[in-house]
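Visitor: I would like to learn how to read the features of a model like this one. Please take me through them in turn.

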Amino acid sequence: MTTLNTLYDLLHNSVEKFADKVAFSMFGGEDVTYKEFGQRVKQVQEMLLDAGLTAGDKVVILSSSMPNWGVCYFAVVTGGMIAVPILPDFTGEELDTLIKHSEAKGLLVSDKLFTKLSKDIVSTLNVVIRTKNLGIISQNVKERSGELVVPKPEDLAVIIYTSGTTSRPKGVMLTHGNLAQQINMIYGLYPIGPEDSMLSVLPLSHTYECSLGMLYVFATGASTTYLQKPPTAAVMLPALKKVRPTCFLIVPLIIEKVFRSQIYNKFTSNKFIKPLYEIAFFRRMLHRIAGKKLMQAFGGRLRLFIGGAKLNEQVEQFLIDAKFPYAIGYGLTETAPLIAGQISPAVKLGATGPQMEGVQVRLDNINPETKQGEIVVKSPSTMVGYYKNEEATADVFTNDGWFRTGDLGYIDEDGYIFIKGRLKNMILGPSGENIYPEEIESVLNSHVYVSESIVTERDGQLIALVNFDSEAIERLKDELMQKWEITRDEWNQKVDEWNERKEELKKEIERYVNSKVNRFSRIAKVVEEEKEFEKNPSKKIRRFLYTDKKSGQEKKK
């Protein structure tokens with residue numbers, strides 16, 4: 001792959017080198033070659049210029065994933081303008097706020113998301129372009145007064161609004177050099193080429209999917225297929241069978257759910273197989289068989305299955321036993337995103353891998369007993385700061401210019417990084433022990449009846465807030481109904497017994513977790529959260545609503 005300096009280099013190198021090859025497709029829809037892609041980029045640039053935009057102006061991209069998402073992104077950044085990709089899960093009010101904060105003059109939007117915006121905010125924009133067909137929805141300025149400029153590495157390329165679980169969104173500023181260097185480094189970690197194909201299931205407005213799933217794939221001449229509907233099992237499985245991707249980006253939650261429902265539950269609910277599954281030798285054999293079936297479900301050609309964060313260790317052990325070709329990446333939006341990664345078979349269980357070439361990593365404020373500290377990094381892909389927020393920018397950099405990740409961990413003798421948890425989430429035990437709720441939650445979430453969980457401290461005790469897996473609970477109800485030989489109508493008469501069974505289940509989960517964690521990480525109680533945990537647009541649980549005592553009390557009123 002050609003060494004890149006800017007996203008302008010990336011676009012023109014790929015369009016010229018892979019002209020007749022398919023770059024992007026919609027599943028069941030159009031195919032777009034690299035040459036056609038380049039032509040569409042020029043078309044959008046002309047539309048932006050005709051609406052009075054010029055180099056340095058901000059343009060928001062608010063769209064579901066499709067080939068024209070990438071067209072719009074490249075049209076903006078390669079003309080010297082600044083792209084502002086926004087996650088689709090923000091509320092209408094939040095979207096208005098972000099568009100106003102970004103000082104955007106243009107908007108590239110898909111139909112459904114356009115309806116979330118207020119008329120007031122739309123009226124402030126020079127032009128609004130529909131991503132589906134690149135048609136103009138509205139245009140308030142009709143005179144061409146600006147020009148395109150070939151960007152330099154130090155020029156700002158994107159502002160990406162993140163949504164923290166305890167704070168207002170911040171706009172991460174990444175330059176062309178930040179993103180180009182990230183693409184160069186990824187090739188050294190996960191090499192792919194023109195023969196590879198990707199099925200995209202994550203939103204392109206997320207840095208992980210944008211950098212790895214779009215920019216990097218485009219740079220290597222590979223092809224990407226997008227889904228027209230949300231990636232449920234019913235939508236994804238037929239697509240996997242037809243596309244037969246060689247590469248697949250996924251969030252750990254998806255593979256963990258597949259493992260719990262399709263693999264772990266089947267092995268442990270069968271009274272003949274369960275005793276065998278508890279023996280390591282037979283468990284590995286069963287995992288190997290399940291791994292082959294999983295490979296076929298993914299199309300049979302997969303050679304690079306990349307999880308965007310640390311996996312649950314039980315799930316990762318399954319992938320190792322099954323000889324399933326997986327990789328892990330670790331990073332943040334502020335680092336564009338990857339800092340470190342590992343790829344099988346050169347993996348260590350529980351690690352996120354060593355730092356990528358060109359990145360420096362160290363630990364600050366190391367605990368002399370645990371050898372753990374905050375992970376801080378120096379990378380050519382580290383952001384220049386938060387847009388219009390000097391105070392927040394200063395907070396995340398050390399005095400010598402290293403970026404504070406906010407993650408606690410340690411680095412072993414081989415340079416592999418092990419993440420223990422977020423610094424702000426750590427709980428101090430009664431004797432000064434560092435307790436990482438994420439580690440306990442990982443064990444909780446491996447239980448077949450648990451969907452998601454949060455561990456918090458109340459009155460000096462660790463409490464597990466649990467959202468039960470509704471499908472698994474329904475299966476349990478069905479088993480009990482068969483055992484009692486009753487119908488659904490008769491079920492209501494057994495409600496008290498079912499509630500007793502649920503209390504037993506909570507105790508069972510408590511025993512399960514406490515048998516797998518250290519003494520000071522044991523939970524005192526399991527509490528059911530009947531509703532799904534509230535999440536931010538990045539799909540991360542808003543922990544402060546559940547861990548902050550005052551917020552938790554207000555929530556329950």
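Predicted model: local features only at pLDDT ≥ 70, side-chain atom pairs only at ≥ 80, totals over all residues.

Visitor: Is Val60 buried or exposed?

Guide: Burial is read from relative accessible area, and under 20% means buried. Val60 has 1% relative accessibility and therefore counts as buried.

Visitor: Which residues is Val60 in contact with, leaving aside its neighbours within four places in sequence?

Guide: A contact means heavy atoms within 4.5 Å. With those neighbours set aside, Val60 is in contact with Val84, Ile86, Ile99, Ser102, Ala104, Gly106, Leu107 and Leu108. Take Ile99 from that list: Val60 and Ile99 are separated by 39 residues in sequence, while their C-alpha atoms are 7.1 Å apart in space.

Visitor: Thr224 lies in a strand too. What does Thr224 touch, not counting residues up to four places away in sequence?

Guide: Thr224 belongs to strand 11, residues 223-226. At 0% relative accessibility, Thr224 is counted as buried. Beyond the residues up to four places away, Thr224 touches Ala23, Phe24, Ser25, Met198, Ser200, Gly213 and Val217.

Visitor: Now the whole chain. How many helices and strands does the secondary structure come to?

Guide: The chain has 20 helices and 26 strands. Its radius of gyration is 25 Å, close to the 24 Å that the globule rule gives for 557 residues, so the chain is as compact as a globular protein of that length. Along the principal axes, the C-alpha atoms fill a box of roughly 75 × 50 × 50 Å. Of the 557 residues, 55% are buried.

Visitor: Among contacts between residues at least 6 apart in sequence, what share joins residues at least 24 apart?

Guide: That share is 65% in this chain.

Visitor: How is the packing of two helices described?

Guide: Two packed helices are described by the angle between their axes and the distance between the axes. Here, helix 1 (residues 7-17) packs with helix 8 (residues 207-220) at an angle of about 45°, and their axes are 8 Å apart. Helix 1 and helix 8 are therefore oblique to each other. Their crossing is left-handed.

Visitor: Which residues of helix 1 and helix 8 make the contact?

Guide: Helix 1 contributes Leu7, Leu10, Leu11, Ser14 and Val15, and helix 8 contributes Leu215, Phe218 and Ala219. By class, the contact between helix 1 and helix 8 has seven nonpolar residues, one polar and no charged.

Visitor: At what angle do helix 3 and helix 8 pack?

Guide: The angle between helix 3 and helix 8 is about 80°, and their axes are 12 Å apart. Angles of 65 to 115 degrees count as roughly perpendicular. Helix 3 and helix 8 are therefore roughly perpendicular to each other. Their contact is made by Trp69, Gly70, Tyr73 and Phe74 of helix 3 together with Cys210, Met214, Leu215 and Phe218 of helix 8. The residues in this contact of helix 3 with helix 8 divide into seven nonpolar, one polar and no charged.

Visitor: How many residues of helix 3 are buried?

Guide: Eleven of the eleven residues of helix 3 (residues 67-77) are buried, so helix 3 is largely enclosed by the rest of the structure. Among the buried residues of helix 3 are Trp69, Gly70, Tyr73 and Phe74.

Visitor: What is phi of Glu103 and of Lys371?

Guide: Glu103 has a positive phi of about 60° although it is not a glycine. Glu103 sits in the loop between helix 4 (92-102) and strand 5 (106-109), and at 46% relative accessibility Glu103 counts as partly exposed. Lys371 has phi near 65°, a positive value in a residue other than glycine. The loop that holds Lys371 runs between strand 17 (360-364) and strand 18 (373-378). Lys371 is exposed, with a relative accessible area of 54%.

Conventions:
Residues numbered from 1 in each chain as written. Heavy atoms only, no water. Axes fitted to C-alpha atoms, helices over the stretch in contact; angles between N-to-C directions. Helix = DSSP H or I, 4+ residues; strand = E, 2+ residues; numbered from the N terminus. Parallel < 35°, antiparallel > 145°, perpendicular 65-115°, else oblique. Left-handed = near helix turned anticlockwise from the far one by under 90°. Nonpolar A, V, L, I, M, F, W, Y, C, P; charged D, E, K, R; others polar. Rg over C-alpha atoms; globule rule 2.2 N^0.38 Å. Buried < 20%, exposed > 50% of the residue type's maximum accessible area, 1.4 Å probe, protein only.
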